[in-house]
Amino acid sequence: MKIVVLIVRLLLGLVFLVFGLNAFLQFLKGPIPGGLAGQFLQALFQSHYVLAIGAVQAVGGALLLINRYVPLALTILGPVIVNILLYHLLLNHEGIGGALIVAVFWFVLFFHYRRYFPGIFTAKASSAA
């Protein structure tokens, strides 16, 4: 299991580091889809919102690659993965396979590191006074 977790962590880290850096360096070019999906992407690019997303992806991917703060990396990448899945489910079905693989990788790592997450599942947190 250690080897599986290592491979999944490195692959997920590499995916997010590469795609996060691509937001800044634009070395991966592809056609903008038509319709609502294209309008959504155009809004992200023109507002520079894609840079914030890219920064979160790059930081999360780097943390996974260097094996530091992995639970934090999983926490910040979780919402990004949800948005990727929703984009492919609702706007552009192409690429859903890759999105599902990334989600499965995230869940494998989350399951492995689950002992670090019980605090965020507290129903009623008391304030320390």
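Predicted model: local features only at pLDDT ≥ 70, side-chain atom pairs only at ≥ 80, totals over all residues.
Residues are numbered from 1 along each chain as its sequence is written, and side-chain values use heavy atoms, with hydrogens and water left out.

**Whole chain**

Show the protein as a cartoon. There are 5 helices and 0 strands, where helices (H or I, at least four residues) and strands (E, at least two) are DSSP runs numbered from the N terminus. The order from the N terminus is α-α-α-α-α. Along the principal axes, the C-alpha atoms fill a box of roughly 50 × 40 × 25 Å.

Colour by accessibility next. Of the 129 residues, 31% count as buried; buried means under 20% relative accessible area, exposed over 50%, and partly exposed in between, with a 1.4 Å probe and protein chains only. A contact means heavy atoms within 4.5 Å. Among contacts with a separation of 6 or more, 63% are between residues 24 or more positions apart.

**Nonpolar cores**

Select L12, F16, L64, L74, I81, L109 and Y113. They have the most contacts inside the largest nonpolar core, which has 21 residues. A nonpolar core is a set of buried Ala, Val, Leu, Ile, Met, Phe, Trp, Tyr and Cys residues joined through side-chain atoms within 4.5 Å. Helix 1, helix 3, helix 4 and helix 5 each give two or more residues to this core, and helix 4 gives the most, with 7 residues. In soluble globular proteins, nonpolar side chains tend to be buried together.

Centre on L12. Leaving aside neighbours within four places in sequence, L12 is in contact with L64, V102, F105, W106 and L109. Another core, of 6 residues, lies apart from the largest one; select A37, L41, L44 and V50, which are among its members.

**Largest pocket**

Which residues lie nearest the centre of the largest pocket? Select F19, L41, I84, Y87 and H88; they hold that place among the 43 residues of the lining. On a 1 Å grid over the protein atoms alone, a pocket is an open set of points where a 1.4 Å probe fits, with protein on both sides within 12 Å along at least five of seven lines, and lining residues have an atom within 4 Å of a point.

The space in this pocket is about 1500 Å³, a volume being the space filled by probe spheres set on the points, which are joined across faces, edges and corners. Show helix 1 (2-25), helix 2 (35-46), helix 3, helix 4 and helix 5 (96-112): each supplies at least two residues of the lining. Helix 4 gives the most, with 9 residues.

Colour the lining by class. There are 31 nonpolar, 10 polar and 2 charged residues. Ala, Val, Leu, Ile, Met, Phe, Trp, Tyr, Cys and Pro count as nonpolar, Asp, Glu, Lys and Arg as charged, and the others, Gly among them, as polar.

N22 counts as buried because its relative accessibility is 14%. The N22 side chain reaches two backbone nitrogens: that of F27 at 2.9 Å and that of L28 at 2.7 Å. With neighbours within four places in sequence left aside, N22 is in contact with F27 and L28.

Move to the loop between helix 3 (49-66) and helix 4 (70-90), where N67 is found. N67 is not a glycine, yet has a positive phi of about 60 degrees. It is partly exposed, at a relative accessible area of 36%.

Y69 has its place in the loop between helix 3 and helix 4. Y69 has a positive phi of about 50 degrees, although not a glycine. Is Y69 buried or exposed? Y69 is exposed, with a relative accessible area of 61%.

Select P71, which lies in helix 4. P71 counts as partly exposed because its relative accessibility is 22%. Not counting residues up to four places away in sequence, P71 touches Y116 and F117.

Finish at I76, in helix 4. At 27% relative accessibility, I76 counts as partly exposed. Leaving aside neighbours within four places in sequence, I76 is in contact with V56, V59 and G60.

Conventions. Polar contact = N/O pair within 3.5 Å; in protein donor to acceptor, adjacent residues only side chain to side chain.
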